[in-house]
Amino acid sequence: MAAPGENLRINSDRLWDSLMEMAKIGPGIAGGNNRQTLTDSDKEGRALFKSWCDAAGLSMGVDQMGTMFMTRAGTDPDALPVYVGSHLDTQPTGGKYDGVLGVLSGLEVVRSLNDLGIKTKHPIVVTNWTNEEGARFAPAMLASGVFAGVHTQDYAYARKDLDGLTFGDELKRIGWVGDEKVGARKMHAYFEYHIEQGPILEAQNKQIGVVTHCQGLWWLEFTLTGKEAHTGSTPMNMRVNAGLAMARILEMVQT
């Protein structure tokens, strides 16, 4: 049992070993991973994660989008759970930490609490959201989007990959259609430890960054219409060149 006020630490070696073991499933290029959602590799990764959660004494719930909720009971039956998690699926050329670290670090918190004999008032739920990346079935954050009411479940089930296979059929094929209604769970808090694997910290020789803002996406679709002109006899200042206009727009976006 940890002493009151003691600075608790996880077992970083165990977390690292778990990350490396998960990375063996769906190996990608340059040391990364290709474990896209609802593939056989995703199924294998889910099974490994479940086995670790079983060993840690967690109980599993799965909703109808295939999201895994692994629960460590709290001491107060009326206290809402604290959720921590991310996703195990990757991009086709994804890294071995993006998303996976958020899931397995949550598991490591539970493992460490078990090691130290610490009980918490609130239940802790380690979560693996389905299809957060959106690489195979667009859009991204699909299961969490249904959970939050942004998308309907029918919309999500009808999403198709490049081979014409639907999300709903593939979820059923790998055996991860759960019984829980999506979005029925209530939360006290939600935490996500995340690595996007961008170049900024490495370029600045820094080990960690503190998030101060959330990225917002703004999707625009527009058409640029040019005018045909002879390439040899029409100078640029007399053309209506859609390609040049697009280049100038892209330059403005970058700045």
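**Reading a predicted fold, feature by feature**

Colleague: Let's start with N131: does it count as buried or exposed?

Modeller: N131 counts as buried, because its relative accessibility is 0%. Buried means under 20% relative accessible area, exposed means over 50%, and partly exposed is in between (1.4 Å probe, protein chains only).

Colleague: And what kind of model am I looking at?

Modeller: This is a predicted model, where local features need pLDDT of at least 70 and side-chain atom pairs count only at pLDDT 80 or more, while totals for chains, interfaces and linings use all residues. Residues are numbered from 1 along each chain as its sequence is written, and side-chain values use heavy atoms, with hydrogens and water left out.

Colleague: Back to N131, then. Where does it lie, and what is its phi near?

Modeller: Here's the general idea: most residues other than glycine have a negative phi, and most peptide bonds are trans. N131 has a positive phi near 55° and is not a glycine. You'll find N131 in the loop between β4 and α4.

Colleague: What else is in the loop between β4 and α4?

Modeller: M141 has its place there, and its phi is also positive, about 55°, although M141 is not a glycine. With a relative accessible area of 44%, M141 is partly exposed. P139 lies in this loop too, between β4 (124–128) and α4 (142–147). A cis peptide bond joins A138 to P139, with omega at about 5°.

Colleague: How many helices and strands does the protein have?

Modeller: The labels come from DSSP runs, numbered from the N terminus: helices are H or I with at least four residues, and strands are E with at least two. The protein has eight helices and five strands. Reading from the N terminus, the order is α-α-β-β-β-α-β-α-α-α-β-α-α.

Colleague: Next up, salt bridges. How many does the structure hold?

Modeller: A salt bridge is a side-chain nitrogen of Lys or Arg within 4 Å of a carboxyl oxygen of Asp or Glu. The structure holds 10 salt bridges. One of them pairs R173 with D40, the closest N and O atoms being 2.9 Å apart. R173 is in helix α6 (residues 167–173) and D40 in helix α2 (residues 40–55), so the pair ties together parts that are 133 residues apart in sequence. R173 is partly exposed, at 43% relative accessibility.

Colleague: Which residues are linked with R173 and D40 in a network of salt bridges?

Modeller: R136, D161 and E170 are linked with those two in the network. Elsewhere, D54 bridges to K50, with the closest N and O atoms 2.8 Å apart. Both D54 and K50 lie in helix α2, four residues apart, about one turn of the helix. D54 is partly exposed at 39% relative accessibility, and K50 is partly exposed at 27%. E180 and R185 form a salt bridge as well, the closest N and O atoms being 2.8 Å apart.

Colleague: How do I read the overall shape? What is the radius of gyration of the protein?

Modeller: It's taken over C-alpha atoms, and the globule rule is 2.2 Å times the number of residues to the power 0.38. A compact globule of 255 residues would come out near 18 Å, but the protein has 23 Å. The C-alpha atoms fill a box of roughly 85 × 45 × 35 Å along the principal axes. Of the 255 residues, 38% count as buried.

Colleague: And which domains does the assignment give?

Modeller: Domain bounds come from an automatic or database domain assignment. Here the assignment gives domain 1 (12–204) and domain 2 (222–254). The centres of domain 1 and domain 2, taken over C-alpha atoms, are separated by 45 Å.
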